[in-house]
Amino acid sequence: MNNREFGNKGEDLACEYLRKNGYEILERNKHFSRYCEIDIIAKRKNKVVFVEVKTRRTNAFGHPFEAITRTKYNHLKTGVLYYLQEHKVKDYQIDVIGIILEPVLDIQHLKNISI
């Protein structure tokens, strides 16, 4: 399984998790530039939620949340700003979902993050 397929598997699990928790998936893998991609754009009630998904096979090399660097967050924020301008969104938040696949599936959801 290559990195893209692995990432897609994590995003599929994240979408399933979000749907079970009352979110509507609006878009996936929305590109704004070479450096800016938003993994999942969802909606819950009247709020648009931009979700970054980080997936790891195990936590042997650290937790998935540790992969959210300041640079990654700034690229994500740039994409969010483009999206907000295009769609006239007023109420939004940025979330991160961390997924560890082994030894047991573990999905953690951080809501409304900022760095």
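Me: Okay, which strand holds T55?
Reply: Quick heads-up: this is a predicted model, where local features need pLDDT of at least 70 and side-chain atom pairs count only at pLDDT 80 or more, while totals for chains, interfaces and linings use all residues. Residues are numbered from 1 along each chain as its sequence is written, and side-chain values use heavy atoms, with hydrogens and water left out. Helices (H or I, at least four residues) and strands (E, at least two) are DSSP runs, numbered from the N terminus. The place of T55 is in strand β3.

Me: Is T55 buried or exposed?
Reply: We go by relative accessible area: under 20% is buried, over 50% is exposed, and in between is partly exposed (1.4 Å probe, protein chains only). T55 comes in at 9% relative accessibility, so it counts as buried.

Me: And which residues is T55 in contact with, leaving aside its neighbours within four places in sequence?
Reply: Contact here means heavy atoms within 4.5 Å. With those sequence neighbours set aside, T55 is in contact with F6, G10, I99 and L101.

Me: In what order do the strands of the sheet come?
Reply: Two strands pair if DSSP finds at least two bridges between them. Five strands form an open sheet here, with mixed pairing, and the order is β1-β2-β3-β4-β5.

Me: So which strands stand at the edges of the sheet?
Reply: Look for strands with a single partner, because one side of such a strand is left without a neighbour in the sheet. Those edge strands are β5 and β1 (24-31).

Me: In which sense do β3 and β4 pair?
Reply: Strands of a sheet pair through backbone hydrogen bonds, either parallel or antiparallel. R56 stands opposite I100 in β4, and E52 has V96 as its bridge partner there. Over nine bridges, strand β3 (residues 47-56) and β4 pair in a sense that is parallel.

Me: How many residues are in the hairpin link from β4 to β5?
Reply: β4 and strand β5 (residues 106-110) pair in the antiparallel sense over five bridges. G98 stands opposite Q108 in β5. The hairpin joins β4 to β5 through a number of residues that is five.

Me: Why is β4 called largely enclosed by the rest of the structure?
Reply: Count the buried residues along the strand, which covers residues 92-100. It is largely enclosed because the buried ones number eight of the nine.

Me: What kind of aromatic pair do F50 and Y83 make?
Reply: Rings of Phe, Tyr and Trp (its six-membered ring) pair if their centres lie within 6.5 Å; planes under 30 degrees apart count as stacked, over 60 as edge-to-face and the rest as tilted. The structure holds three aromatic pairs. With centres 5.3 Å apart and planes at 80 degrees, the F50 and Y83 rings are therefore edge-to-face.

Me: How many residues apart are F50 and Y83?
Reply: This pair links distant parts of the chain, with F50 in strand β3 and Y83 in helix α2. F50 is buried at 0% relative accessibility, and Y83 is buried at 4%.

Me: Which residues form one aromatic cluster?
Reply: The rings of F50 and Y92 have centres 6.1 Å apart and planes at 70 degrees, so that pair is edge-to-face. Y92 is partly exposed, at 35% relative accessibility. The one cluster is formed by F50, Y83 and Y92.
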